[in-house]
Amino acid sequence: MTISPTDFASLLCSRLCHDLLSPVGALNNGLELLADENDPEMRARCLELLAESARASANKLKFFRLAFGAAGGFGDTVDTREAQAAIEGLFGDNHRVSIGWMVEDPQLPKQVIKVLLNLALIGGDALVRGGQLDIGAEARDGMVEIVVRADGPRIVLDQELRGALTGDTGDAPVTPRAAAAYLVHQLVAQGGGDLQVSPPDAPVLLFGAAFKLA
């Protein structure tokens, strides 16, 4: 599974546009409704919906900057409180996913934060009916271990994402939907590490990654 940097950038842009289309489209629809609405109660409701859509868009952008971009400054590490806030902002508004944060290190290298955030994104998305998302990480002796656990009434991780995480995609091309999983696989591989995914029939979804710090 090898993708050129240009192709991966295209995959990533397609993924970001897809995820932002819904809240940005809701903003546009809300503005159109507001322009034609004269009832005070309905206008107030339109403003509430606009505020919700704007908040969702901002939270997604903050998360994507940290998970995919160069957010966190130009140093080698990122404040883990930023990562926690990004995850809680992404999933907090829908009240479907509860976050358990078990990261004691005040700072972690950027590649670690990216692996952690993208595994959390995949795990949270797999909780199609909501549930509990627990995230843990520990760095010591030049190594880092990351564990993400998703538990809920219905968990869906399709084979494309599973294959992209483990590098077992065969001849199938990587699609924008699997861009986050591919990024995780590449970062862990670059650290000479290993990524484990719980079996499809397991009662919970569990990701475990261990790799060397750069």
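Ser57 lies in helix α2 (residues 40-68), where helices (H or I, at least four residues) are DSSP runs numbered from the N terminus. The structure is a predicted model, in which local features need pLDDT of at least 70 and side-chain atom pairs count only at pLDDT 80 or more, while totals for chains, interfaces and linings use all residues. Residues are numbered from 1 along each chain as its sequence is written, and side-chain values use heavy atoms, with hydrogens and water left out.

With a relative accessibility of 9%, Ser57 counts as buried; buried here means under 20% relative accessible area, exposed over 50%, and partly exposed in between (1.4 Å probe, protein chains only). Its side chain reaches the backbone oxygen of Ser53 at 2.9 Å. If neighbours within four places in sequence are set aside, Ser57 is in contact with Leu20, Pro23, Val24 and Leu27, contact being heavy atoms within 4.5 Å.

The aromatic rings come next. Rings of Phe, Tyr and Trp (its six-membered ring) pair if their centres lie within 6.5 Å; planes under 30 degrees apart count as stacked, over 60 as edge-to-face and the rest as tilted. By this rule there are three aromatic pairs. In one of them, the ring centres of Phe8 and Tyr182 are 5.4 Å apart and the planes stand at 45°, so the pair is tilted. Phe8 belongs to helix α1 (residues 5-36) and Tyr182 to helix α6 (residues 179-190), so this pair ties together parts that are 174 residues apart in sequence. Both partners are buried: the relative accessible area is 16% for Phe8, and the relative accessibility of Tyr182 is 4%.

Phe63 and Phe64 also pair, with ring centres 6.0 Å apart and planes at 75°, so their arrangement is edge-to-face. Phe63 and Phe64 are both buried. Ring pairs join Phe63, Phe64 and Phe68 into a cluster.

Finally, the cysteines deserve a look. A disulfide is a covalent bond between the sulfur atoms of two cysteines. With the criterion of a pair of cysteine sulfur atoms within 2.5 Å, the structure holds zero disulfides. Cys13 is in no disulfide, and the nearest cysteine sulfur, belonging to Cys17, is 6.4 Å away. Cys13 is partly exposed, at a relative accessible area of 47%, whereas Cys46 is buried, with a value of 6%.

Terms used:
Helix = DSSP H or I, 4+ residues; strand = E, 2+ residues; numbered from the N terminus. Polar contact = N/O pair within 3.5 Å; in protein donor to acceptor, adjacent residues only side chain to side chain.
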